[in-house]
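Let's take a walk through a protein model together. Keep the picture open while you read, and look up each residue as it comes along.

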Amino acid sequence: MILYLIRHAEAVERGTPGAGHDFDRALTERGHAQARAVAEAFVRLGVAVDAVVSSPLVRTYQTAVDLLAVGQPGARPVTHDALAPERL
């Protein structure tokens, strides 16, 4: 098994409308593009992704969805609460 750890892409700043808590910070447009670029690189390199697991934080889940959308349209990541820091 090969495990890839990928940090979430660029997210909006804390305090942005709709992101009063760190948990709720969504990706920016640039962040979505960054996540898709990683996914496209995986496809070009022939990296097969069997599963994607993310924390339930909005930005991490969105990054995971974007990663899957390129190579596996319609696939959804699995979220696991143990991967999330305490809600701030």
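**Charged pairs and what surrounds them**

Searching the whole structure turns up four salt bridges, where a salt bridge means a side-chain nitrogen of Lys or Arg within 4 Å of a carboxyl oxygen of Asp or Glu. Side chains of opposite charge can pair when their charged atoms come close. Before we go on, a word on what you're looking at: this is a predicted model, where local features need pLDDT of at least 70 and side-chain atom pairs count only at pLDDT 80 or more, while totals for chains, interfaces and linings use all residues. Residues are numbered from 1 along each chain as its sequence is written, and side-chain values use heavy atoms, with hydrogens and water left out.

Start with Glu 10 and Arg 30, whose side chains meet in a salt bridge at 3.1 Å, N to O. Glu 10 sits in the segment before α1 (29-45) and Arg 30 in helix α1, so this pair ties together parts that are 20 residues apart in sequence. Helices (H or I, at least four residues) and strands (E, at least two) are DSSP runs, numbered from the N terminus. How covered up are these two? We'll call a residue buried under 20% relative accessible area, exposed over 50%, and partly exposed in between (1.4 Å probe, protein chains only). Glu 10 is partly exposed, at 29%, and Arg 30 counts as exposed, at 54%.

Now find Asp 22. Its side chain meets that of Arg 25 in a salt bridge (2.9 Å, N to O), and both of these residues are buried. Asp 22 also has a salt bridge with Arg 59 (3.1 Å, N to O). Asp 22 lies in the segment before α1 and Arg 59 in helix α2 (residues 58-71), so here the pair ties together parts that are 37 residues apart in sequence. Step back and you'll see a network of salt bridges linking Arg 14, Asp 22, Arg 25 and Arg 59.

Let's stay with Arg 59 for a moment. Is Arg 59 buried or exposed? At 6% relative accessibility, Arg 59 counts as buried. Leaving aside neighbours within four places in sequence, Arg 59 is in contact (heavy atoms within 4.5 Å) with His 8, Ala 11, Asp 22, Arg 25, Ala 26 and Leu 27.

Finally, hop over to the rings. By the rule that rings of Phe, Tyr and Trp (its six-membered ring) pair if their centres lie within 6.5 Å, with planes under 30 degrees apart stacked, over 60 edge-to-face and the rest tilted, the count comes to one aromatic pair. Tyr 4 and Phe 42 form this tilted pair, with 5.2 Å centre to centre and 55 degrees between the planes. The pair links distant parts of the chain, with Tyr 4 in the segment before α1 and Phe 42 in helix α1, 38 residues apart. Tyr 4 is partly exposed, with a relative accessible area of 42%, whereas Phe 42 counts as buried at 16%.
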